[in-house]
Amino acid sequence: MSGVKKMVASPWMHIPINRSVMVLMFLALGLLVVTVISLGTGGAPIDLGDVIHHILHRMGLMGTGIEEFDARVLDHLRLPRILRAIVIGAGLGLAGAVMQSLFRNPIADPGIIGVSASAAFGAVAMIVAGHIILGSYYPIVGPYGVPVAAFAGAVLATGVIRVLSRQDGHTDAAIMLLIGVAINAIAFAGVGVFTYMADDAQLRSLTFWQMGALSGNGPADGPALLIIAVGAGYLVSLGTSLNLFLLGEAEARHLGIEVERLKRRATVVTALVVGAAVAVSGIIGFVGLVAPHLVRLVTGPDNRYVLPASAICGAAILTGADAVARIIVLPAELPIGLVTGIVGGPFFLGLLMREKKRRRI
């Protein structure tokens with residue numbers, strides 16, 4: 001029995017709990033700092049002191065407010081946008097961490113393996129051909145058809161990847177990447193077909209889906225963001241189960257984990273989070289790849305800390321990227337998916353080179 005206890009504890013016993021808690025607190029403080037800076041950043045810059053003053057005023061800690069124009073910019077333009085960035089970034093960072101544990105592969109990411117592109121394909125198909133797909137039910141479904149279609153595309157892609165990349169009970173990294181390339185190609189080809197079929201109004205909407213943006217405020221955004229938050233809460237609770245799962249499926253079963261149920265639920269909820277995120281913001285790549293890797297450098301592999309830390313780190317990354325997107329090409333605005341791609345692409349290449357070097361050794 002002592003041997004079993006040692007096996008269960010071994011993945012995380014070397015990590016001091018106090019250090020991991022401190023890392024979470026540091027990341028939360030970093031997110032707060034990035035949020036405050038982002039609030040003051042944009043085409044109409046607002047002094048950092050005024051941003052803090054306004055926040056304290058809204059909390060009832062300051063009697064007088066700031067100038068009305070600045071207050072309106074903060075309350076009606078930047079704060080809703082930053083809240084979307086925090087929720088979506090947290091969901092994508094957490095989804096990447098869970099997928100890396102489920103596939104037992106450090107390069108699994110919703111964007112790289114085609115989940116995000118498939119979600120976008122579902123959303124685009126609903127935008128252009130929703131009246132054909134749903135027929136008489138289209139007016140009933142209304143604006144909620146797009147997030148549902150995005151979720152369906154994400155679930156389908158995740159299921160296909162999981163089935164096709166399994167070999168002798170394990171996920172083959174090379175096969176998974178090739179499958180991801182194929183799914184991305186198929187999904188983007190489908191998006192291209194619907195783009196060709198779209199009218200002028202639909203084309204403007206499709207551009208949003210393909211490059212990512214946080215400026216939208218559709219009627220389905222509220223429910224989609226709520227889905228991300230609830231799904232993220234569930235995924236964070238899987239830390240201990242995923243730790244045992246990393247020991248191997250057979251070992252996890254012996255230790256009382258219902259492996260198939262865990263995989264099924266984690267896969268569906270992850271796809272739900274990614275699909276809802278794509279429904280709100282379009283395709284935003286690499287957040288789910290970068291955030292977990294940065295977190296593991298300081299927390300180690302324990303998913304009890306990696307999962308919440310990845311959510312906080314993902315929120316900070318996307319909030320910071322949104323601030324950059326607002327000012328880098330003033331007076332225009334760069335799509336946020338391009339910003340994360342510029343940063344995430346070299347990061348992904350670095351991971352591949354490190355893995356190549358490790359295998360040589």
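Which helices each supply at least two residues of the nonpolar patch? The answer is α2, spanning residues 17-39, and α3, spanning residues 48-58. The model described in this report is predicted.

## The nonpolar surface patch

Six side chains make up this part of the surface: Leu-29, Leu-32, Val-33, Ile-37, Leu-48 and Ile-52 form a nonpolar patch of about 530 Å². Helix α2 makes the greatest contribution to the patch, with four residues. Leu-29, one of the patch residues, is located in helix α2.

## The largest pocket

The largest pocket of the model has a volume of about 300 Å³. It is lined by 17 residues, and those closest to its centre are Leu-77, Arg-78, Arg-81, Arg-326 and Glu-333. Helix α4, which covers residues 68-102, provides the largest share of the lining, namely seven residues.

The structure contains twelve salt bridges in total. One of them is formed by the side chains of Arg-81 and Asp-322, with a distance of 2.8 Å from N to O. Arg-81 belongs to helix α4 and Asp-322 to helix α15, residues 303-327, so this pair ties together parts of the chain that are 241 residues apart in sequence.

Are the two partners buried or exposed? Arg-81 counts as buried because its relative accessibility is 9%, a value under the 20% limit for buried residues. Asp-322 is buried as well, since its relative accessible area is 0%.

Glu-249 takes part in a salt bridge with Arg-253, in which the closest N and O atoms are 3.7 Å apart. Both residues lie in helix α12, residues 249-254, and they are separated by four residues, about one turn of the helix. Arg-253 counts as partly exposed because its relative accessibility is 42%, which falls between the limits of 20% for buried and 50% for exposed residues. Glu-249, in contrast, is buried, with a relative accessible area of 11%.

Glu-249 also forms a salt bridge with Lys-263, and here the closest N and O atoms are 3.4 Å apart. This pair links distant parts of the chain: Lys-263 is in helix α13, residues 259-281, Glu-249 is in helix α12, and the two are 14 residues apart. Lys-263 counts as buried because its relative accessibility is 8%.

## Backbone features in two loops

Where does a cis peptide bond occur? It joins Leu-330 and Pro-331, and omega is about 5 degrees. Pro-331 is located in the loop between α15 and α16, the latter helix covering residues 336-360.

Another backbone feature concerns Phe-286, whose phi is near 75 degrees, a positive value in a residue other than glycine. Phe-286 is placed in the loop between α13 and α14, with α14 spanning residues 287-299.

## Separations in sequence and in space

Arg-265 lies in helix α13, the helix that also holds Lys-263. Arg-265 is partly exposed, with a relative accessible area of 39%. Between Arg-265 and Tyr-234 there are 31 residues of separation in sequence, while their C-alpha atoms are 9.7 Å apart in space.

Gly-96 lies in helix α4, the helix that also contains Arg-81. Gly-96 is buried, with a relative accessible area of 0%. Gly-96 and Arg-264 stand 168 residues apart in sequence, and the distance between their C-alpha atoms is 16 Å.

Key. Residues are numbered from 1 along each chain as its sequence is written. This is a predicted model: local features need pLDDT of at least 70, side-chain atom pairs count only at pLDDT 80 or more; totals for chains, interfaces and linings use all residues. Side-chain values use heavy atoms; hydrogens and water are left out. Patches are made of residues with over 30% relative accessible area and no salt bridge: like charges are joined within 9 Å, nonpolar side chains (Val, Leu, Ile, Met, Phe, Trp, Tyr) within 5 Å. Accessible areas come from the Shrake-Rupley method with a 1.4 Å probe; for residues, only the protein chains shown count as cover. A salt bridge is a side-chain nitrogen of Lys or Arg within 4 Å of a carboxyl oxygen of Asp or Glu. On a 1 Å grid over the protein atoms alone, a cavity is a set of points where a 1.4 Å probe fits but cannot get out, and a pocket is an open set with protein on both sides within 12 Å along at least five of seven lines; lining residues have an atom within 4 Å of a point. Grid points are joined across faces, edges and corners, and a volume is the space filled by probe spheres set on the points. Buried means under 20% relative accessible area, exposed over 50%, partly exposed in between (1.4 Å probe, protein chains only).
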